[in-house]
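Reader: I have not seen this structure before. Please show it, and then I will ask about a few details.

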Amino acid sequence: MALFLLYESASGYALFEAHGLDEIGQNTEAVRNSVSDLNRFGKVVKLRSFNPFTSALDALTQCNAISEGILTDELRTVVETNLPKPKEGKKAKFSLGVADPKIGSQISELTKIPCQSNEFVLELIRGVRLHFDRFVSDLKSGDLEKAQLGLGHSYSRAKVKFNVNRVDNMVIQAIFLLDTLDKDINSFSMRVREWYSWHFPELVKIVNDNYLYAKLTKFIEDKSKLTEDKISDLTDIVGDEDKAKEIVEAAKASMGQDLSPVDLINVQQFAQRVMDLSEYRRKLYDYLVTKMSDIAPNLASLIGEVVGARLISHAGSLTNLAKCPSSTLQILGAEKALFRALKTKGNTPKYGLIFHSSFIGRASAKNKGRMARYLANKCSIASRIDCFSEREKGTTAFGEKLREQVEERLDFYDKGVAPRKNIDVMRSAMESADNKDTEMETEEVPLEASSKKAKKKKQKDDAVDNANGDAPEDHKSEKKKKKEKRKVDQELELDDGANEVASETKKKKKKKDKKDDESEVVEAAVETKKKKKSKSKDAN
């Protein structure tokens, strides 16, 4: 049985014919040994045809099609023209060896050419790849390498093509930095409190907020210079006049030691750094919120921006999170506890990162596990919608409806109120999403253009009126006459309709009266019969 080999190079499609396979015995080891030696391998494998690509763009399209397992017209013509045609109803006396089983199944399905892909075929194709430049005489040295490099770059660029606004890597970096900043700001704030407490220890008990404490440290400087004139400025910082007065009174009777000007300058500089970090942290959070609204709007509206970003970060990407089943998403972040429980045969964890959601906190102790499972299910749906939805502008309609469902489930656990069916909620979500899309489209139409058109129309009407002189009054009178005529026609139609209705009602009444008369006659006959029967009984 003859064997042909299909090799897709960066320069074009090549078909090879393998001879003397009976001598090798189709032994993989023997082929593997003979591959490296061109003299031995060249006797077994011969070039049958080579069809180069017309351009770099053509090479890229062919490469994309092959990678997805699609048989292109060019490849089909190459295979059909260079291979013997199999007879209908008879088994083919040859087979085509391919590297990818997907493209092999496509070829055999569409062209009826039997294909195979096994270790033996792969070893032969490996040998073809190794000595390909020797088989094709027209190829110059370095041409194949350049073609491979160019095609590799263009293929990678095409595969990595993405929407810049939907890069989840930015969210992963932002949430990592946000967590790091939280830790750093917390530790730096504690250091500011400890450092400045040597000078003004009473301030720690009055002000609890770290950012406010750093701001006051920067403003007060030396406590001995703090007088009642600065109460208004302190009120602006603290937001409470009573607290500002309390700070001034505490400064007067403070037990702290005096600091040198150099020490105070260093404390103030450090406090300023803490304030700058806090400001940057706030801006970073705003950035994270905007990125999440672009990348995963439904997940963000369901579970919150920070928890959603943590889930994406832990999964590695939004695509990975979307591929996760809800059971995996539920315990995402609690892997240590899960494997510890499996090792010790204890209870497995009920929740991971989604514990930080407010829904889990609001649920009662016995319902926390149920709530975590339900919330993980909804998060899985939201992440899949965000990842695989083909809408250009992300909508939060699905996330909002899923959030409503979680709220209803909380009410069901607490009060026993039956929640809505999932299919009804999804249907309403799709309707609201479609409505939002239509609203967006209508908003995009410029209002100025419509107003300009109306103005132009008005100007034209005025110009026509001016040109006709006395014509406007005649025009108006004609319009009035037409309106009156329409009114008369409508009244006539209404009268006709009323007459028809009246006649129908009369007919119905007559029918009713007839029915009533008939029923009365029947009743009278029945009564007479009853009386006769009673009389006959009395006579007996």
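Reader: How far does the backbone oxygen of Cys-324 lie from a polar atom of the side chain of Arg-384?

Author: The model is a predicted one. A polar contact needs a pair of N or O atoms within 3.5 Å. The backbone oxygen of Cys-324 and a polar atom of the Arg-384 side chain are separated by 3.1 Å.

Reader: Which other backbone oxygen does the side chain of Arg-384 reach, at 2.8 Å?

Author: Arg-384 sits in helix α22, residues 368–388. Leaving aside neighbours within four places in sequence, its contacts include Lys-323, Pro-325 and Ser-389. At 2.8 Å, the side chain of Arg-384 reaches the backbone oxygen of Ala-322.

Reader: How far apart in space are Arg-384 and Ala-322, C-alpha to C-alpha?

Author: In sequence, Arg-384 and Ala-322 are 62 residues apart. In space, their C-alpha to C-alpha distance is 4.7 Å.

Reader: Is Arg-384 buried, exposed or partly exposed?

Author: Buried means under 20% relative accessible area and exposed means over 50%. Arg-384 has a relative accessible area of 35%, so Arg-384 is partly exposed.

Reader: Is α15 roughly parallel or roughly perpendicular to α17?

Author: Helix α15 (residues 261–295) packs against helix α17 (residues 305–315) at about 70°, with the axes 10 Å apart. Angles from 65 to 115 degrees count as roughly perpendicular. Therefore α15 stands to α17 as roughly perpendicular.

Reader: How many nonpolar residues does the contact of α15 with α17 have?

Author: On α15 the contact is made by Tyr-285, Leu-288, Val-289 and Met-292. On α17 it is made by Glu-305, Val-306, Gly-308, Ala-309 and Ile-312. By class, the contact of α15 with α17 has 1 charged, 1 polar and 7 nonpolar residues.

Notes. Residues are numbered from 1 along each chain as its sequence is written. This is a predicted model: local features need pLDDT of at least 70, side-chain atom pairs count only at pLDDT 80 or more; totals for chains, interfaces and linings use all residues. Side-chain values use heavy atoms; hydrogens and water are left out. Axes are lines fitted to C-alpha atoms, for helices over the stretch in contact, and angles run from 0 to 180 degrees between N-to-C directions. Helices (H or I, at least four residues) and strands (E, at least two) are DSSP runs, numbered from the N terminus. Angles under 35 degrees count as roughly parallel, over 145 as roughly antiparallel, 65 to 115 as roughly perpendicular and the rest as oblique. Contact means heavy atoms within 4.5 Å. Ala, Val, Leu, Ile, Met, Phe, Trp, Tyr, Cys and Pro count as nonpolar, Asp, Glu, Lys and Arg as charged, and the others, Gly among them, as polar. Buried means under 20% relative accessible area, exposed over 50%, partly exposed in between (1.4 Å probe, protein chains only). A polar contact is a pair of N or O atoms within 3.5 Å; within protein, one must be able to donate a hydrogen and the other to accept it, and residues adjacent in sequence count only if both atoms are side-chain atoms.
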